[in-house]
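Let's take a walk through a protein model together. Keep the picture in view as you read, and look up each spot when it comes along.

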Amino acid sequence: MKKWNSTAIARQKAQISRALACKRRLGKRYRPSEADPLIRLLSLNRMRVTFYKQLAFEPEFIESSLQSISKIRSFAEAGHKIFLDFSLTTRVQASAVTYLSAEIDVLKAIYGTRFAYCPVGVSAAINELLEEVGLLNRIKGIGGVPPRKLCEDLVPVTMGVDKDHLDVILRFILGNALKRGNLQSTDRAKAENLAYKALSEAMLNVKQHAYPLEQPVKPWWVTASILENVIYIAFCDRGLGMPATIPKSFGEQILSFGSLLNRDADLIQAIMHHTRSSVADRGGRGYGTKDIQQLVRDPEFCGKLTVVSGAGFYSLDLTEDCSSPNETGLNLSTQLKGTALLWIIPIQR
Amino acid sequence: MDYSDPEVTHMNRENVFTTPVSASGKKFRPSSDNCIDVAKDFSADPWGRYPADGDFNAQVFRQELLLPMFKKGKPFLVDLSGSNRYGSSFLEEAFGGLVRVEKLSDDKLNLMRVHHELLPSIADEVSYYIEEAKKQRK
């Protein structure tokens, strides 16, 4: 019987890795279940998840982004170590990277999943962004440690409960808005009020509605960045998702059984229009969603809000014409667990 | 119990959030007889509707600061100027709740004036929540 030492195992692993890379290049799909048991023993603890082109929650890229993220989840559930491959990625959007960070935190906590990342082949800009946003520290397993390179244009993705870190985000928004937007004191007060309302209501929604009641910790993740006079604030939770929290009629329950008819985008739009609410039978207030939109609806800002929840995508865009909002809805084939919000606020028009 | 069922979860939430406020452990008193300075007397960072949301929630504010002022039967001012951080949940529960929960009459409500130095829109928002609660009462 051949005795394996560590050098031999490493050599074998490298060989397998090259073989797998070759298979991938040839377009053949690698099937773990069909693999040789020795290969499985030596290497198949590690599965590769590739993020193609743009990791973004935008209509063109959301399906591929969500499919990659859900692959991570299924590999983690099967007990694999996961190699995150960004070598084909050309752009990373705040909302998607926030959700990916949340997914990594949760999978590490639930399954003790180990992640790997290799900067070779990854564009310098993407590598730098992943470092600044705190994703690389998460992969290394030191998620609570601030990134090595702190950037004044970005707040790394941070997990919180209640309204932790709200101050940090508000200071970031107001500090940057003041530096670049020439805000008067009244405008500053208004900006603080609108940003506070949007974020604090989002956090409160998470606490009150997003997770099952008995879940003791109800976390959310947030990040903020500024790029070319536009502020991006991304926020997400991994709860039930907006469409699932709405009480449904009997007919709707029948239609939604087994995802016969996905209407999640319509349900999100109904929530945004205040025609549906998870608290409808308690007065149907729904003022929280109004606050979430007000930050982009205000004539001073005229921004864009995107919401991804369950299997629905919704965007409210006032950047082109502030007086006529452009709404887009999209029913998705892949589910996002929870809700991801992105506010895009121009600070100089 | 299956908590993934939104209806079941919803019913349970309702029970929790309508539980009467217990003593929060903190005592709040207005700094003057005819004025509540919210930032000074309560918090510059009020948040949430219910005690489960945190110490500085709207139910506590309504029951420990607003209601005692109404009981005095004299006109008073609620000055929100010390902070710009008011979410709709807090404002609706604190002021809309005066009609919806406390069932105060219009005569009583007229004793209260709400003011914000820099952002009059916040005072307008308070009036809106009170009016909306009145509509629901009818």
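How many aromatic pairs does a search of the whole structure find over all chains? The search turns up 16. Here rings of Phe, Tyr and Trp (its six-membered ring) pair if their centres lie within 6.5 Å, and planes under 30 degrees apart count as stacked, over 60 as edge-to-face and the rest as tilted. One of the pairs is B:Tyr86 with B:Phe90, which is tilted, with 6.5 Å from centre to centre and 35° between the planes.

Before going on, a word on the ground rules. This is a predicted model, in which local features need pLDDT of at least 70 and side-chain atom pairs count only at pLDDT 80 or more, while totals for chains, interfaces and linings use all residues. Residues are numbered from 1 along each chain as its sequence is written, chains are lettered from A and ligands numbered from 1 in the order in which they are written, and side-chain values use heavy atoms, with hydrogens and water left out.

Back to those rings. Both B:Tyr86 and B:Phe90 are buried (buried means under 20% relative accessible area, exposed over 50%, partly exposed in between, with a 1.4 Å probe and protein chains only). They also belong to one aromatic cluster, together with B:Phe28, B:Phe42, B:Phe56, B:Phe61 and B:Phe95.

Now look at two helices of chain B, α3 (residues 58-72) and α4 (residues 88-100): their axes come within 9 Å and cross at roughly 35°. Helices (H or I, at least four residues) and strands (E, at least two) are DSSP runs, numbered from the N terminus. Axes are lines fitted to C-alpha atoms, for helices over the stretch in contact, and angles run from 0 to 180 degrees between N-to-C directions. Among the residues making this contact are B:Phe61 and B:Phe70 of α3(B), and B:Phe90 and B:Phe95 of α4(B); contact means heavy atoms within 4.5 Å.

Over to chain A, which comes to 12 helices and 10 strands. Buried residues make up 51% of its 349 residues. Among its contacts between residues at least 6 apart in sequence, 69% join residues at least 24 apart.

Find the open sheet of three strands in chain A, with the order β1-β3-β5 and parallel pairing. Two strands pair if DSSP finds at least two bridges between them. β1 (46-50) and β5 (115-117) of chain A stand at the edges with a single partner strand each, so one side of each has no neighbour in the sheet. On average, neighbouring strands here are turned by 30° against each other, direction ignored. Five bridges join β1(A) to β3 (residues 81-85) of chain A, and A:Thr50 has A:Asp85 as its bridge partner in β3(A).

Next comes helix α5 (residues 124-132) of chain A, where A:Ile126, A:Leu130, A:Glu131 and A:Glu132 are buried. The buried residues of α5(A) pack against several elements of chain A, including β5 and α6 (135-140). Just after α5(A), A:Gly134 takes a positive phi of about 90°.

What about positive phi in residues other than glycine? A:Glu228 has a phi near 45° and sits in the loop between β7 (220-227) and β8 (230-237) of chain A. A:Cys302 has a phi of about 45°, in the loop between α12 (287-297) and β9 (304-317) of chain A. Are these residues buried or exposed? A:Glu228 counts as exposed because its relative accessibility is 71%, whereas A:Cys302, at 2%, counts as buried.
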